[in-house]
Amino acid sequence: MRIPFASPRRRLRRLPALAALVLAGSLVVPAAVSAEPDLAPAALGRPALAADYEVAFLDQYEKIKDPANGYFRQIGDLLVPYHSVETLIVEAPDHGHETTSEAFSYYLWLEASYGRITGEWEPFNKAWRSMETYIIPATRDQPTNSGYNPSDPATYAAEHGDPSEYPSRLESDVPVGQDPIAEELSAAYGTDEIYGMHWLLDVDNTYGYGFCGDGSNDRPAYVNTFQRGEQESVWETVPHPSCETFAHGGPNGFVDLFTDDEEYSKQWRYTAAPDADARVVQVAYLAKTWAEAQGNGSAVSDAVSDAARMGDYLRYSMYDKYFKRIGDCVGAAACPGGTGKDSSHYLLGWYYAWGGADAGAQYPWAWRIGSSAPHQGYQNPLAAWALSQDADLRPRSATGAQDWAKSFDRQLEFLQWLQSAEGAIAGGASNSWGGSYEQPPAGRAKFHGMAYDQQPVWHDPPSNQWFGFQVWGMERVSQLYHLTGDERAKAILDKWVPWALANTTAAADGSFEIPAELRWTGQPDDWSGSPTGNPNLHVSVSGTTSNDVGVASALAKTLLYYAAATGDASSRLTGESLLEALLAHSDDKGIAMPETRSDYERFDDPVHVPQGWTGSMANGDPIDSSSTFASIRSFYEQDADWPKVQAYLDGGPAPTFTYHRFWAQTEIATAFATYDELFPQG
Ligand code: CA
């Protein structure tokens, strides 16, 4: 149920329609540019750039903010972005009107770019208030942190290869380390609560859990999906409320699908996606820089201060999951818990999470975990730089800024270590092989004692297969290089950019082709303090895409920052050509292209539920050992797009959708704004 928009939206100054520009032929660029990194634009007889990217940004911005286009749920005067305009979509979120911390980080980027161009910062501050109000758990959402004991952060439970091996037994005899930052965080902020975003919200309450299972729909509901190891794809998940009151699911709610214990308690738990929180810090730094350039730094100073605080707590993702010692940590029972900070890898792990007893518990308890498995695509050395070097972003805690200074170097070393012979960046490393501190395969390369993993954390699909993780990561590195001139960043990009250019084309008719999927072979050399060139680590492009507009614009951004920093003509030309190709695909809601979803056959995938376990979803859908993805989400049968999926499941052709994903549409908008900033057109 949507809450109608209550107030008329302020109109932007009137903009010329971009479609008219396209029809006038003014966006024509040479065909098939970019294959040769050393090809100068002059050699192509290229006409002067015609698109005005400030106009392009504002046009895209207006479409995203137009209430008629359905990108947001409005609650009072605040907006909550959906994952996508369209409701029937399954990827990391399992419904389009869920949202993610990623979407909020892009919402802030959109509004920061708007502030740079217009000088108006209230929309940015409003986005910040929405983030604080709806996706950073409030006191009522995390009520029992006072019961947290930093010398005993969490009870160990092994991760397993397949969802069928769950629930996982809690093992209180396995040693865990101590949490060295809890006390300084509590002292700095005067609270035991965590200041970080949970990764997933059910914005419209499609599942019906509401607040702590009460079904209310005055605001989005905190929910979660993934719980069961590296083979649990979204198609195998059981969506459940973050606040577990046993109101739904089975007699123990959903807890005993995931965890095997003597008895079960009502509880709450949240999981941060560190790349999103880091992107918020990155964007806050950009907003500060832009507002200060306008002589108006105070307009965003509250948000910048809050970003520093978010960065302080984001350090939890730098720790081994159970605060065990980093390096050669083999055997859950044998590998000791860490002391001080020897349980920190100083990289952005895949998550951090925290939880505790429900508000009514007689004896409050709480837990916190880090992440043993850093992935290359999550690293954000620009955020680390800001959190250690910028006076307004250095966190308030005793050791926050120095930890980020160490992380800055460690992240750049990590990317150097993972750079393939061709230039692309390989997956990552793990301090806990298999999620249960197994012995890594013999001969595995090591980084500070952690084993190379070409697919950290998840295998269905392989976690570093997606080219998007290349461009998300390298965009930060190229922005960092543009900002600081860091030589390590330059060296990484000098190798990555030619590889990306050699695998990218963009043509005058709006067609483009970029990598979609990568295949990895071999492994890096052991890290010994400086890069070796990794002659035994290789990447190949195993699939390309001609319709992924979000990744194309992220690639353009990366290339444009590199071009601005180096003067490299080929990367600028290809970046421009990608943006102009995107402009050829404008529609009423943004810039989008149809995509065929053969993976939607997995709507019929079985969802593992142990024999004998029975329960129900909030809407009454039964949960038992014959459940499927679709059977515990019967609301999809009411979706206007469902007949296309049903026809496919009945043997028809794979369905085609034209999606407007929030992150992709805002990535496009901010890529236009990036061009306008780096190459002003007068
Ligand atoms: Ca699977």
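1. Let's start where two helices touch. Asp275, Arg279, Gln282, Tyr285 and Leu286 of helix α7 meet Trp472, Glu475, Arg476, Gln479 and Leu483 of helix α11; contact here means heavy atoms within 4.5 Å. The residues of this contact divide into four nonpolar, two polar and four charged. In that sorting, Ala, Val, Leu, Ile, Met, Phe, Trp, Tyr, Cys and Pro count as nonpolar, Asp, Glu, Lys and Arg as charged, and the others, Gly among them, as polar.

2. A word on what you are looking at: this is a predicted model, in which local features need pLDDT of at least 70 and side-chain atom pairs count only at pLDDT 80 or more, while totals for chains, interfaces and linings use all residues. Residues are numbered from 1 along each chain as its sequence is written, and side-chain values use heavy atoms, with hydrogens and water left out.

3. Now for the geometry of the helix pair. Helix α7 covers residues 274-293 and helix α11 residues 468-484; they pack at an angle of about 30°, with their axes 13 Å apart. That makes α7 roughly parallel to α11 (angles under 35 degrees count as roughly parallel, over 145 as roughly antiparallel, 65 to 115 as roughly perpendicular and the rest as oblique). Axes are lines fitted to C-alpha atoms, for helices over the stretch in contact, and angles run from 0 to 180 degrees between N-to-C directions. Helices (H or I, at least four residues) and strands (E, at least two) are DSSP runs, numbered from the N terminus.

4. Next, look for the disulfides: the structure holds two (a disulfide is a pair of cysteine sulfur atoms within 2.5 Å). With the bonded cysteines numbered in sequence order, they pair 1-2, 3-4.

5. Cysteine 212 counts as partly exposed at 21% relative accessibility, whereas cysteine 243 counts as buried at 13%. (Buried means under 20% relative accessible area, exposed over 50%, partly exposed in between, with a 1.4 Å probe and protein chains only.)

6. The other disulfide joins cysteine 329 to cysteine 335, S to S 1.9 Å. Its S-S bond has -105° about it, and the link is left-handed. Cysteine 329 is buried at 4% relative accessible area, and cysteine 335 is buried at 2%.
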